[in-house]
Amino acid sequence: MEKKVVKLLDEQVAKEFHSAYLYLGIAEYFSAQNLSGFASWYKVQAEEEIEHGMKIYDYLLKNDCAVSLPAIEAVDSNYKNALEAVKAADKHEHYITDEICKIYDAADKAKDYRTKLFLNWFIEEQEEEEENSGDMVNKVSLLYKDPANLYLLDKELSKRE
C-alpha cells in the first residue's frame with residue numbers, strides 16, 4: 001500500500017477510538033442526568049466505534065503495515081443540555097465521514113483497489129451513522145424541553161442492544 005494511504009488508515013484507527021471516547025463522554029453526561037436509556041444508547045455506539053477501529057487495525061496488520069496507536073485526545077462530557085450532546089455526536093459523525101472519504105480519495109489516486117473495496121463498508125456505515133445521529137438531533141430538538149417526552153424517548157432508546 002502507498003505510504004499516504006497507510007498513514008491515513010493508521011490515523012483513522014485513533015479517530016475511531018476517539019469516537020468511542022466521545023460517545024462514552026456523552027453516555028456519562030446522560031447518566032448524570034438520570035437518562036439511562038440515552039446513556040445505554042451511546043455506550044452501544046461507543047462499542048461500535050471500537051469495532052470500526054479494530055476493523056481498520058486488522059486490515060493494516062493483514063497488509064503487513066505497522067499501526068502506531070497514538071494517544072487518544074481527551075473528551076469533554078460537559079454539555080448544557082441533551083440537544084447540545086446529540087448535536088456534538090452528529091457533528092462528529094459528519095467529520096468521520098469526511099475523514100473516510102479522504103482515505104478513499106487517496107486510495108483511488110494510488111489505484112489501491114483493495115483498500116477502496118475495504119472502505120466501501122465504512123462509507124455505507126457512515127451513511128447509517130449520519131442518519132441515526134440526524135434522527136437523534138431531530139427527536140431531541142422536538143422533545144428536550146419537555147421532561148415527560150424526554151423520559152419517553154429515554155425509554156425507547158434503552159431498547160437498543
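**Burial, fold and first helix**

I began with burial and noted that 47% of the 161 residues in the protein are buried, where buried means under 20% relative accessible area with a 1.4 Å probe and protein chains only. The model is a predicted one, in which local features need pLDDT of at least 70 and side-chain atom pairs count only at pLDDT 80 or more, while totals for chains, interfaces and linings use all residues. Residues are numbered from 1 along each chain as its sequence is written, and side-chain values use heavy atoms, without hydrogens and water.

I then looked up the secondary structure and found 5 helices and 0 strands, helices being DSSP runs of H or I with at least four residues and strands runs of E with at least two, numbered from the N terminus. The C-alpha atoms fill a box of roughly 55 × 25 × 25 Å along the principal axes.

For contacts (heavy atoms within 4.5 Å), I noted that, among those between residues at least 6 apart in sequence, 80% join residues at least 24 apart.

Next I turned to helix α1, which covers residues 3–32 and reaches 44 Å from its first C-alpha to its last, close to the 44 Å expected at 1.5 Å a residue; the expected span is 1.5 Å times one less than the number of residues. Why is α1 largely enclosed by the rest of the structure? I put this down to burial, because 21 of its 30 residues are buried. Just after α1, I found that N34 takes a positive phi of about 60°.

Notes
Buried < 20%, exposed > 50% of the residue type's maximum accessible area, 1.4 Å probe, protein only.
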